[in-house]
Amino acid sequence: MIPTEHSVPTAQDLSNSQRNILCDVGFDDQSKRAATGILIDRAMRIARSNDAGVEIMPLADALRTYDFVQDLMFGLVAPDENEHVAKVAEHMHDPLGHFIWVKAGAKVTLPVQSFTVLETPQARQFTHDITLIDEGAEVEMISGAAVPHTVHRGRHISIGECYMRAGSSCKSVSIEHWGEGMEVYSYGYSKLDEDARNQATSVMMAPIARSVSLSVSKLAAGAKSTSQAIVFAPDGTERRIETETHLLGAGATSEDVARMVAAGGTIINVARLVGDSAGTSGFLGCDGLKLTDRGDIVAVPELKARAEGAMLSHEASVGIIDDEKLNYLMATGIDEDAARGLIIQGFLSLNSDAIPPTLRDRVAQLIADSKSGGM
């Protein structure tokens with residue numbers, strides 16, 4: 001199979017330092033991926049597919065290549081939704097971002113990977129990504145965002161729109177590693193048609209000055225969405241995470257679980273679940289663990305049953321690390337730092353089956369490192 005490429009004219013191979021940055025957030029050699037998209041600063045550096053069932057290209061090229069892409073762009077969110085979305089929309093004539101199309105019926109055996117890198121200190125980056133998983137297609141996706149260790153400050157605003165057609169299936173994982181002084185605003189919107197299946201894991205462990213993440217999902221009849229997030233906030237980190245899920249058709253189901261650890265930073269998690277149709281069911285789980293009395297965790301689950309027969313439930317808890325458990329572990333000969341690490345890893349337990357095998361060790365290491373904020 002001959003690979004297809006869509007790149008800016010100056011596209012070139014990645015440097016060793018760029019590869020190292022990307023490996024931290026899930027990158028692997030292109031030969032081991034069905035498709036690869038890499039955006040660096042203001043250009044798509046790589047857009048390459050090794051699978052006939054997947055197309056990946058800069059969004060600007062996709063708009064010129066396929067008429068239907070213009071109907072997908074801002075199809076799930078209005079360009080004037082808020083000031084950040086409007087900022088991205090200002091570049092609508094020449095958007096920066098990728099378009100991924102998994103074609104109807106494709107059974108993609110290798111993961112599709114896409115990454116965003118900000119290499120310029122104090123830069124402003126505005127991106128818009130569109131993903132179409134067509135009818136009956138099956139795919140795994142890995143995405144990440146990162147900066148070099150030399151980039152401490154900057155601003156990134158992103159919009160992601162994902163369309164999952166009837167009977168399609170996607171398993172995804174995303175990992176972020178921004179600079180400790182950065183501001184990041186991420187807005188994700190997804191539409192699941194009848195009987196679509198989506199399983200997503202997000203990992204937000206690195207220090208950051210301010211991060212705001214909003215995601216809105218709409219599920220048609222029989223669609224199923226399962227998501228889990230692991231979130232860490234050391235000193236100086238402020239994170240706000242908002243999710244909103246609408247169950248629009250009979251048989252639609254959703255499970256949204258967040259595990260949050262604060263080591264002096266602040267995490268606010270607002271999760272909304274709306275049963276818009278009879279015969280729907282959903283669950284929210286929001287659990288927080290504070291390692292010290294500094295910082296804060298706020299968990300706000302919201303349930304709205306708008307139709308008779310919608311079955312919605314939630315569990316939420318926030319607490320400080322248990323001294324009794326800590327003392328018990330230390331009494332067995334484990335030092336305090338290692339004991340705290342074991343407690344954190346146990347608390348942040350997640351469904352590893354939702355993570356591609358090639359990423360499980362990396363995610364486990366991020367969790368282990370969280371006890372010291374050492375990422």
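Predicted model: local features only at pLDDT ≥ 70, side-chain atom pairs only at ≥ 80, totals over all residues.
On its other pairing, with E4, strand E5 runs antiparallel, and 5 bridges connect the two. There, Val-54 is found opposite Val-102 of E5. Strands of a sheet pair through backbone hydrogen bonds, in either a parallel or an antiparallel sense.

These strands belong to an open sheet of 9 strands with mixed pairing, in the order E4-E5-E7-E9-E11-E13-E15-E17-E19. Strand E4 (54–58) and strand E19 (296–305) stand at the edges with a single partner strand each, so one side of each has no neighbour in the sheet. On average, neighbouring strands of this sheet are turned by 5° against each other, direction ignored. Further along the order, strand E15 (residues 238–247) pairs with strand E17 (residues 266–275) in the parallel sense, over 10 bridges. Within this pairing, Ile-241 has Asn-269 of E17 as its bridge partner.

A search of the whole structure returns 5 aromatic pairs. In the pair formed by Tyr-66 and Phe-68, the ring centres are 5.4 Å apart and the planes meet at 35°, so the pair is classed as tilted. Tyr-66 is buried, at a relative accessible area of 19%, whereas Phe-68 is partly exposed, at 30%. Ring pairs join Tyr-66, Phe-68, Phe-99 and Trp-101 into a cluster.

Turning to charged side chains, the count comes to 15 salt bridges. Side chains of opposite charge can pair when their charged atoms come close. One of the salt bridges is formed by Lys-107 and Glu-138, whose closest N and O atoms are 3.5 Å apart. Lys-107 sits in the loop between E5 and strand E6 (112–117), and Glu-138 in strand E8 (residues 138–146), so this pair ties together parts that are 31 residues apart in sequence. Both ends are partly accessible: Lys-107 counts as partly exposed at 49% relative accessibility, and Glu-138 likewise counts as partly exposed, at 40%.

The side chains of Glu-238 and Arg-210 meet at 2.5 Å, N to O. Because Glu-238 lies in strand E15 and Arg-210 in strand E13 (residues 210–219), the pair ties together parts that are 28 residues apart in sequence. Glu-238 is partly exposed, with a relative accessible area of 34%, and Arg-210 also counts as partly exposed, at 28% relative accessibility.

A further salt bridge brings together the side chains of Arg-272 and Glu-242, at 3.2 Å from N to O. With Arg-272 in strand E17 and Glu-242 in strand E15, this pair ties together parts that are 30 residues apart in sequence. Glu-242 counts as buried, at 17% relative accessibility. Arg-272 and Glu-242 are also members of a network of salt bridges that links them with Arg-240, Glu-244 and Glu-302.

Finally, the cysteines were examined. A search of the whole structure finds 0 disulfides. Cys-170 itself is buried, with a relative accessible area of 6%.

Definitions and conventions: Residues numbered from 1 in each chain as written. Heavy atoms only, no water. Pairing = 2+ DSSP bridges. Helix = DSSP H or I, 4+ residues; strand = E, 2+ residues; numbered from the N terminus. Axes fitted to C-alpha atoms, helices over the stretch in contact; angles between N-to-C directions. Disulfide = S-S within 2.5 Å. Buried < 20%, exposed > 50% of the residue type's maximum accessible area, 1.4 Å probe, protein only. Phe/Tyr/Trp six-rings, centres within 6.5 Å; stacked < 30°, edge-to-face > 60°. Salt bridge = Lys/Arg side-chain N within 4 Å of Asp/Glu carboxyl O.
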